[in-house]
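Here are some notes on this model, point by point. Please read them with the structure open.

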Amino acid sequence: MPRFLQVERGFAGTSVGFISSLVPWASIPGALILARLSDKYKTTKKFIYFLVHYRLLHHSGLPL
């Protein structure tokens with residue numbers, strides 16, 4: 001992806017590095033939040049099913 005962003009989209013090298021690092025940085029708080037909710041509600045399976053269905057609806061273009 002970094003090469004694509006530089007060659008095809010014309011991003012500078014520093015911007016490409018920042019953009020590429022966003023996913024790992026976002027996964028840290030996401031993992032902490034999911035762990036806290038899992039401990040609080042004691043039902044991980046229902047929570048994961050909700051997130052999967054929410055994601056499918058969100059990416060289908062239907063208004064929520």
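1. A polar contact here is a pair of N or O atoms within 3.5 Å, and within protein one must be able to donate a hydrogen and the other to accept it. The model is predicted. In it, the side chain of serine 27 reaches the backbone oxygen of proline 24 at 2.7 Å.

2. Serine 27 belongs to helix α2, which covers residues 13-41. Its relative accessibility is 41%, so serine 27 counts as partly exposed, the class between 20% and 50%. From arginine 3, serine 27 is separated by 24 residues in sequence and by 23 Å in space, C-alpha to C-alpha.

3. As for the fold, the chain has three helices and zero strands, in the order α-α-α along the sequence. The radius of gyration is 17 Å, well over the 11 Å given by the globule rule for 64 residues, so the chain is more spread out than a compact globule. The C-alpha trace spans about 45 × 30 × 15 Å along its principal axes.

4. On burial, 5% of the 64 residues count as buried.

5. Which residues make the nonpolar surface patch? Leu34, Ile48, Phe50, Leu51, Val52, Tyr54 and Leu56 do, over about 600 Å². Helix α3, residues 44-60, gives the most to this patch, with six residues.

6. Leucine 51, one of the patch residues, lies in helix α3. Leucine 51 is partly exposed because its relative accessible area is 34%.

Conventions. Residues are numbered from 1 along each chain as its sequence is written. This is a predicted model: local features need pLDDT of at least 70, side-chain atom pairs count only at pLDDT 80 or more; totals for chains, interfaces and linings use all residues. Side-chain values use heavy atoms; hydrogens and water are left out. Helices (H or I, at least four residues) and strands (E, at least two) are DSSP runs, numbered from the N terminus. Buried means under 20% relative accessible area, exposed over 50%, partly exposed in between (1.4 Å probe, protein chains only). Patches are made of residues with over 30% relative accessible area and no salt bridge: like charges are joined within 9 Å, nonpolar side chains (Val, Leu, Ile, Met, Phe, Trp, Tyr) within 5 Å. Accessible areas come from the Shrake-Rupley method with a 1.4 Å probe; for residues, only the protein chains shown count as cover. A salt bridge is a side-chain nitrogen of Lys or Arg within 4 Å of a carboxyl oxygen of Asp or Glu. The radius of gyration is taken over C-alpha atoms; the globule rule is 2.2 Å times the number of residues to the power 0.38.
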